[in-house]
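The sequence and the model are shown first.

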Amino acid sequence: MAAPAQDDVLHAVVARAGADLAAAAPTLAEVGEVFAAAGHEIAVVGGPVRDAFLSRLGSTPDLDLTTSARPEQTQELLGRWGDACWDIGKEYGTIGARRGDVVVEVTTYRADRYEHSSRNPVVVFGDDLAGDLHRRDLTINAMAFRLPAMELVDPYGGLHDLMAQVLRTPAPAHESFDDDPLRVLRAARFTSALSMAPDETTRAAMTAAAPRVDPAAGVVAAERTGAELGKLLLGESPRDGLEVLVETGVADHVLPELSALRATVDEHGRHKDVYTHTLTVLDQAIALEDRYTGGPDLVLRLAAVMHDVGKPATRRFEPGGAVSFHHHEVVGAKMTARRLKALRLSKDIISSVTRLVELHLRFHGYGSGAWTDSAVRRYVADAGDLLPRLHALTRADSTTRNRRRAAALATSYDHLERRIEALSAAEELSRVRPDLDGKAIMATLGVGPGPVVGRAYAHLLALRMDEGPVGEDAARAALLTWWSEQPESGAPEAQEGQDCPEGVDPS
């Protein structure tokens with residue numbers, strides 16, 4: 001039997017996607033009928049259409065629709081259809097409505113104009129669907145199903161590009177990115193999300209537009225850049241998205257620390273460069289997420305990307321041709337904090353990622369398991385709630401091609417995790433506290449709240465780390481011994497020599 005013609009295959013693909021979309025949102029046809037009865041066109045557009053072709057629709061997809069109706073008319077029509085209706089952005093032509101569990105946003109056709117100094121358009125309402133689709137970011141997001149008939153409208157070849165896994169823009173790429181440079185980041189993000197690649201024309205336009213993406217240019221807000229990078233990293237193939245950013249020069253303006261790694265050879269001389277190592281660590285960290293974080297984790301992925309950014313600044317050429325990067329984790333932590341702040345990420349994300357970068361080499365002092373229980377306690381305490389992520393990052397950071405060395409590192413970390421589990425079971429390491437709390441410290445020393453209590457608490461916490469739980473009596477005795485050595489205590493041995501200027505013989 002002959003294979004079905006290509007047109008028949010495409011027809012079947014379109015029919016299935018339309019049916020899936022109609023099944024996921026059965027009230028769509030009713031919306032279409034309401035608008036059609038009033039003499040207006042309406043179509044579901046963008047992400048839901050793309051996801052229908054990819055069989056990625058959720059049970060209650062967010063629905064974006066576009067219409068020939070003006071905002072006042074849309075509001076009136078949705079008021080008849082829905083249980084609730086609200087003005088999302090009437091000046092931009094968008095009205096929202098809900099019926100049951102289905103939420104729709106309906107926007108009047110747009111034919112916006114852009115000023116070169118801003119990505120915010122001058123809103124102009126359009127007259128036809130093709131013109132509205134022309135202004136969208138990518139062809140795969142410029143497809144629509146016209147309602148109520150579920151007729152595919154695809155004037156720019158979005159379905160073909162989706163099947164070919166190619167990213168293009170509906171308008172000429174240089175015009176599209178010049179109008180809205182954020183689309184450059186969205187192209188990289190969809191590279192990650194859908195494992196698609198920009199064609200050569202699109203890549204060239206991304207390179208040309210890269211300087212306008214720089215937050216310093218004042219066109220794209222840093223918050224939007226940070227949000228797009230976060231979505232890129234949480235995609236299915238973040239390595240692909242980052243490679244597009246670096247290869248097009250966009251990373252030079254939004255994540256220059258990553259680009260800088262390409263020229264930094266690692267201390268073993270066994271990897272192509274630290275950039276390649278970093279992308280491999282990212283891949284390996286993602287492979288460990290189910291085990292340690294339960295799913296995609298932005299903090300872990302950011303830490304994987306940033307963990308070695310301190311290497312270019314700390315590279316030293318040693319005698320014999322060796323290369324070292326001493327204290328790159330400390331320098332890298334500071335660089336990470338600066339970059340993530342510049343991208344306006346949340347304080348919690350910044351502090352967590354920075355801490356992981358700072359701690360990512362700590363395990364390498366473990367060796368063959370020579371750490372004392374005190375050192376293991378400190379490792380756990382320093383990581384705190386980040387311990388599962390630190391486990392994943394540390395394991396992912398092993399990219400050696402030497403199988404014996406890789407197996408030895410994995411075995412050593414297995415041993416450390418077992419020790420942590422054993423100590424945790426015995427001592428509840430996740431809640432390590434001194435044997436005396438603040439009130440008990442004040443009662444023992446006869447002091448009120450103040451800096452002395454904080455110093456005493458830190459002393460007892462160090463004791464707890466070194467010796468494990470010692471009990472209240474032993475902790476109290478140790479506290480009193482410490483107190484006798486403090487100037488504030490008034491004890492003679494604590495006062496001895498206190499009034500003598502430094503360097504002067506008290507006799």
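A residue is called buried under 20% relative accessible area, exposed over 50%, and partly exposed in between, with a 1.4 Å probe and protein chains only. At 58% relative accessibility, H327 therefore counts as exposed.

**Basis and confidence**

The model is predicted: local features need pLDDT of at least 70, side-chain atom pairs count only at pLDDT 80 or more, and totals for chains, interfaces and linings use all residues. Residues are numbered from 1 along each chain as its sequence is written, and side-chain values use heavy atoms, with hydrogens and water left out. The pLDDT is the predictor's confidence in each residue, from 0 to 100. Its mean over the chain is 88, and 89% of the residues reach 70 or more. Over residues 495-507 the pLDDT is below 50, and this stretch has 4 contacts in the model beyond near neighbours in sequence. A contact means heavy atoms within 4.5 Å.

**Overall composition**

The chain has 26 helices and 13 strands. Helices (H or I, at least four residues) and strands (E, at least two) are DSSP runs, numbered from the N terminus. Of the 507 residues, 47% count as buried. Among contacts between residues at least 6 apart in sequence, 64% join residues at least 24 apart.

**Helix pairs**

Two packed helices are described by the angle between their axes and the distance between the axes. Axes are lines fitted to C-alpha atoms, for helices over the stretch in contact, and angles run from 0 to 180 degrees between N-to-C directions. Angles under 35 degrees count as roughly parallel, over 145 as roughly antiparallel, 65 to 115 as roughly perpendicular and the rest as oblique.

| Helix pair | Axes come within | Crossing angle |
|---|---|---|
| Helix 8 (residues 182-194) and helix 10 (residues 222-233) | 8 Å | roughly 10° |
| Helix 10 and helix 11 (residues 238-247) | 8 Å | roughly 135° |
| Helix 14 (residues 274-287) and helix 21 | 8 Å | roughly 135° |

With axes crossing at roughly 10°, helix 8 is roughly parallel to helix 10. Helix 8 passes helix 10 in a left-handed crossing; a crossing is left-handed if the near helix is turned anticlockwise from the far one by less than a right angle, and right-handed if clockwise. On the helix 8 side, L182, L185, R186, A188, R189 and S192 take part, meeting R224, T225, E228, K231 and L232 of helix 10.

Helix 10 also packs with helix 11, where the axes cross at roughly 135°, so helix 10 is oblique to helix 11. Here L229, L232 and L233 of helix 10 meet P238, G241, L242 and L245 of helix 11.

V281, Q284 and A285 in helix 14 meet L393, R395 and A396 in helix 21.

The expected span of a helix is 1.5 Å times one less than its number of residues. For the 13 residues of helix 19 (residues 347-359) this gives 18 Å, in agreement with end C-alpha atoms 18 Å apart. Its buried residues are I349, I350, S352, V353, T354, L356, V357 and L359. They pack against helix 16 (298-306), helix 18 (328-342), helix 20 (373-383) and helix 21 (387-396).

Helix 20 contains R377, which is buried at a relative accessible area of 4%. R377 and D466 lie 89 residues apart in sequence, with their C-alpha atoms 8.1 Å apart in space.

Helix 24 (residues 451-467) has 17 residues and should span 24 Å; its end C-alpha atoms are 25 Å apart, which agrees. V452, V453, A456, L460, L463, R464 and M465 are its buried residues. G468, with a positive phi near 80°, follows helix 24.

**Backbone features in loops**

Most residues other than glycine have a negative phi, and most peptide bonds are trans. H327 has a positive phi near 65° and is placed in the loop between strand 13 (323-324) and helix 18. S55 also has a positive phi, near 60°; its place is the loop between helix 3 (47-53) and strand 2 (63-67). At 54% relative accessibility, S55 counts as exposed. A cis peptide bond joins L147 and P148, with omega about 0°, and P148 is in the loop between strand 8 (144-146) and strand 9 (151-153).
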